Amino acid sequence: MELNRRTVIAGAAAAGLAASTLGGTAQAASSAARPSPGREKPVKELFGRLPDGTQVHRWSLANGGTRMKVLSYGGIVQSLEIPDRHGRYANVSLGLDTLDAYVESSPYFGALIGRYGNRIGKGRFTLDGTTYQLSVNDGDNSLHGGAQGFDKHVWDVEPFAEGPDVGLRLYRTSPDGEMGYPGTLRVKVTYTLTRHGEWRIDYEATTDRPTVVNLTSHVYWNLAGEGSGTVEDHELMIAASRYTPTDPGLIPTGELARVAGTPFDFRRAKPIGQDLRAGHPQQVQAKGYDHNWVLDKGVTTRPEPIATLRDPRSGRTLKIATDQPGLQFYSGNFLDGTLTGTGGRTYRQGDALCLETQHFPDSPNHAHFPSTVLRPGRTYRTTTIHSFGVR
Ligand code: BGC
């Protein structure tokens with residue numbers, strides 16, 4: 001234990017040195033004084049107040065070398081810190097400093113997304129013969145649950161420390177008709193930090209009327225540290241032979257297209273920047289990658305490995321396992337240098353990427369996509385595990 005602590009302190013001191021001599025980010029420098037990243041039970045502090053006075057809290061927790069801060073507003077991961085190959089910590093998740101900034105201008109940084117991750121065409125779908133009109137907030141379409149999605153609500157948060165794990169349980173009841181969706185949806189999302197430093201997300205939901213549901217998490221990753229520049233050199237692998245091409249509004253056309261011979265082929269790890277400017281019509285339309293990959297494993301009863309991300313400079317790696325059938329890979333195309341992050345630096349196009357495990361966008365309007373329908377008496381359950389390492 002003592003040895004461990006010393007090693008970490010030595011590593012942290014080295015980080016301070018590297019930050020000053022090599023021009024590292026403010027984030028790296030501030031981590032110099034950080035204590036050992038052992039198991040730390042969740043601790044709560046006041047983060048801010050919404051315009052109506054509602055208090056928003058921030059929870060800090062750590063385990064197995066991973067340290068995170070989570071807001072009760074939107075279940076937002078404000079920061080997630082992991083070590084590089086020299087034990088130097090960096091915050092690898094884009095975030096903002098204040099509650100006001102999140103409320104005013106966050107493009108879903110670190111947030112929980114619901115009721116429906118990604119887009120539903122024209123914000124409309126028909127279920128059991130009834131057509132529902134959802135909140136439209138992205139051109140003609142509904143994005144990430146509509147204008148007031150789960151990312152814009154305060155969740156009830158219950159901390160836990162059980163066996164070797166620590167974590168947070170987040171609860172929210174979405175009333176019948178919220179954003180146009182049928183059914184009262186009772187949602188529970190559990191964030192667990194395991195003793196191996198994995199971040200596991202378990203989603204659960206029940207309804208009292210037939211509805212559709214597709215929950216996900218919208219962390220923007222930069223394994224070199226948020227605010228450190230582009231992720232184009234990050235190597236990405238996605239275990240998918242097909243993806244879903246979209247129309248200009250980024251709604252799937254319904255086709256399941258092969259990735260072979262296209263820039264969309266990530267079956268072997270390659271740098272994100274390698275084919276980013278290949279000029280494929282689907283890339284031009286989306287301003288980069290902003291598509292759903294059809295995972296070869298399909299829907300599974302347990303989480304299976306589907307993607308790896310590696311930053312060659314720091315050696316930091318992220319491996320994702322899920323039971324979901326799809327992965328939305330978004331290459332940060334709409335970051336435009338107007339937001340300043342937690343480390344005091346602005347975020348520009350391609351400074352992060354999102355890897356959102358989920359069902360396919362617009363599934364309620366495509367009968368051949370895996371179903372997102374949830375009926376009374378059934379429980380929606382899904383799990384995604386993020387494992388961190390160095391290589
Ligand atoms: C979508 C993008 C969108 C981003 C932020 C991603 O999940 O695929 O089109 O711009 O979220 O809203």
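The shell around the ligand consists of Pro 107, Tyr 108, Asn 118, Leu 250, Asp 290, Gln 328, Tyr 330, Phe 334, Cys 354 and Glu 356, a residue being counted if its C-beta atom, placed from the backbone, lies within 6 Å of the molecule. Two or more residues of this shell come from each of strand 25 (326–330) and strand 28 (353–358); strands are DSSP runs of E with at least two residues, numbered from the N terminus. By class, the shell comprises six nonpolar, two polar and two charged residues, with Ala, Val, Leu, Ile, Met, Phe, Trp, Tyr, Cys and Pro taken as nonpolar, Asp, Glu, Lys and Arg as charged, and the others, Gly among them, as polar.

The model is predicted: local features need pLDDT of at least 70 and side-chain atom pairs count only at pLDDT 80 or more, whereas totals for chains, interfaces and linings use all residues. Residues are numbered from 1 along each chain as its sequence is written. The mean pLDDT (the predictor's confidence in each residue, from 0 to 100) of the protein chain is 92, and 91% of its residues reach 70 or more. Over residues 1–36, however, pLDDT stays under 50. Where pLDDT is low, the predicted coordinates should not be read in detail.

Strand 18 (residues 235–238) runs antiparallel to strand 21 and is joined to it by two bridges; Leu 236 has Lys 270 of strand 21 as its bridge partner.

Key: Two strands pair if DSSP finds at least two bridges between them. Helices (H or I, at least four residues) and strands (E, at least two) are DSSP runs, numbered from the N terminus. Two residues are in contact if their C-beta atoms, placed from the backbone, lie within 7 Å.
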